[in-house]
Amino acid sequence: MEQKTVVAVIGCGRIAKNAHFKAFSKMDTIRVKYACDLIAEKAEKMKELYPFIEQTVTDYQIALRDPEVTAVYILTPNYSHYEITMDALRADKHVFCEKPITVNYALSCEMAEEAERRGKILNIGVCNRYHKSVEMLEEMNREGKFGHIYHVYCSFRSCRSIPGLGGAFTTKALSGGGVLIDWGVHFLDLILYILGGAKPQSLTCDTYSEMAKDMKSYRYKSMWAEDTADLENGTNDVDDFVSGYIRTDKASISFNGAWAQNLEHDDMYIDFLGDRGGGRLIYGKRFEFFDGQTITTETPEYEIPNMYQRESEAFLESVRTGVKNRCHISNILESAKLLDGLYRSAEQKREMEI
Ligand SMILES: NC(=O)c1ccc[n+]([C@@H]2O[C@H](COP(=O)([O-])OP(=O)(O)OC[C@H]3O[C@@H](n4cnc5c(N)ncnc54)[C@H](O)[C@@H]3O)[C@@H](O)[C@H]2O)c1
């Protein structure tokens, strides 16, 4: 039987509960020795929900000192990714770190260099690269079904979705930014991926923070990370709307993103325009393909396995074999560089080369 990889999970919040622990419960290749959270009750609650967790701790250094632990999952807020990843790599652990890599490109590069120096795998949780629809589109592009993809348009706009308003999510020093880094990280990363590793060359971008200038009067029905919100005394200095244009060596990309907007519907999709065919990826779901030869649209039927389980299985496989996969940090740095460039362009209000 295959040996189980012993891991520690740092951060027992929403993404841990809703995605990763759920995925671990279906995997027989992983042993979760530690669940760690600064707030003891959150780790304990997780152990109640997922009894396969062996022990809970509040100090992640305890798990890092344990030689039996081979890999750690870092599922904490963005500002802490850098420090915990560096500590884990220096303790000779392989690391899976949630997206975005960290709050900026320079620190992301340091993390990649440290992993290389230590000979450790460092993967980033850009889970959509393991979504079946993304894999199929990437393969169709490689097979030439689109012909030449000359432009990609993408929309990641929602009516009311500012997470944890006033807390870490909307404080630039802690999150690195707003909707662009939080959602754009997924959309723009998978565009570069589907295009076959496109390299951005120049870009322009504008960011806005309009919908919660007065946090107390922001109207919403539900909020991700509501327990971290601080509408009375918190900070909101990040973008809730972004618009940009990117030239790459493969195709141009235009995009709009909104954590909140005064339009009732959500528009979450990516359009790939090729000279032989075109495809719309309905984010997190399926895709439609318009075949330029027969002039018909197909919506293929296919099974969609759990992408979080697949990204973890692939991570553990990398840990066992040492072979870097599509979510290895070296394959994600380009999108971190792109996000940095877009924020710089918005600050300086001009087009720039990157
Ligand atoms: N892949 C995805 O689609 C996806 C979706 C949502 C969130 N995320 C990412 O996951 C990360 C966590 O987001 P979340 O929504 O779960 O946040 P959250 O606030 O719900 O959970 C974070 C947890 O980390 C704990 N924590 C903070 N610092 C710690 C430390 N030093 N040691 C131990 N525990 C610590 C907090 O107490 C909290 O319980 C973020 O980086 C976010 O961008 C990814």
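User: What stands opposite V72 in strand 5?
Analyst: That's V95. Keep in mind we're looking at a predicted model.

User: OK, and what's the strand order in the open sheet of 6 strands?
Analyst: The order is 3-2-1-4-5-6, with parallel pairing. At the edges sit strand 3 (55-57) and strand 6 (122-125), each pairing on one side only.

User: How many degrees does the twist average?
Analyst: From one strand to the next, the average is 25°.

User: Which strands does helix 4 lie across?
Analyst: Strand 1 (5-10), strand 4, strand 5 and strand 6. Relative to strand 5, helix 4 runs at about 170°.

User: And which residues of helix 4 are buried?
Analyst: N78, H81, Y82, I84, T85, A88 and L89. Just past the end of that helix, D92 has a positive phi of about 65°.

User: Let's move on to strand 10. Is its pairing with strand 9 parallel or antiparallel?
Analyst: Antiparallel: strand 9 (residues 241-248) pairs with strand 10 over 7 bridges. A hairpin connects the two through 3 residues, and R247 has S252 in strand 10 as its bridge partner.

User: And what about strand 7 with strand 10, parallel or antiparallel?
Analyst: That pairing is parallel, with 7 bridges between strand 7 (residues 149-157) and strand 10 (residues 252-258). In strand 10, G257 is the residue opposite F156.

User: Last topic, helix packing. At roughly what angle do helix 6 and helix 8 cross?
Analyst: Roughly 35°, with the axes of helix 6 (residues 132-142) and helix 8 (residues 179-194) coming within 9 Å.

User: Which residues make the contact?
Analyst: From helix 6 you've got V134, L137, E138 and N141, and from helix 8 it's L190, Y193 and I194. By class, this contact has 5 nonpolar, 1 polar and 1 charged residues.

Note on methods. Residues are numbered from 1 along each chain as its sequence is written. This is a predicted model: local features need pLDDT of at least 70, side-chain atom pairs count only at pLDDT 80 or more; totals for chains, interfaces and linings use all residues. Two strands pair if DSSP finds at least two bridges between them. Helices (H or I, at least four residues) and strands (E, at least two) are DSSP runs, numbered from the N terminus. Axes are lines fitted to C-alpha atoms, for helices over the stretch in contact, and angles run from 0 to 180 degrees between N-to-C directions. Two residues are in contact if their C-beta atoms, placed from the backbone, lie within 7 Å. Ala, Val, Leu, Ile, Met, Phe, Trp, Tyr, Cys and Pro count as nonpolar, Asp, Glu, Lys and Arg as charged, and the others, Gly among them, as polar. A residue is buried if 20 or more other C-beta atoms lie within 10 Å of its own, exposed if 12 or fewer, and partly exposed in between; C-beta atoms are placed from the backbone.
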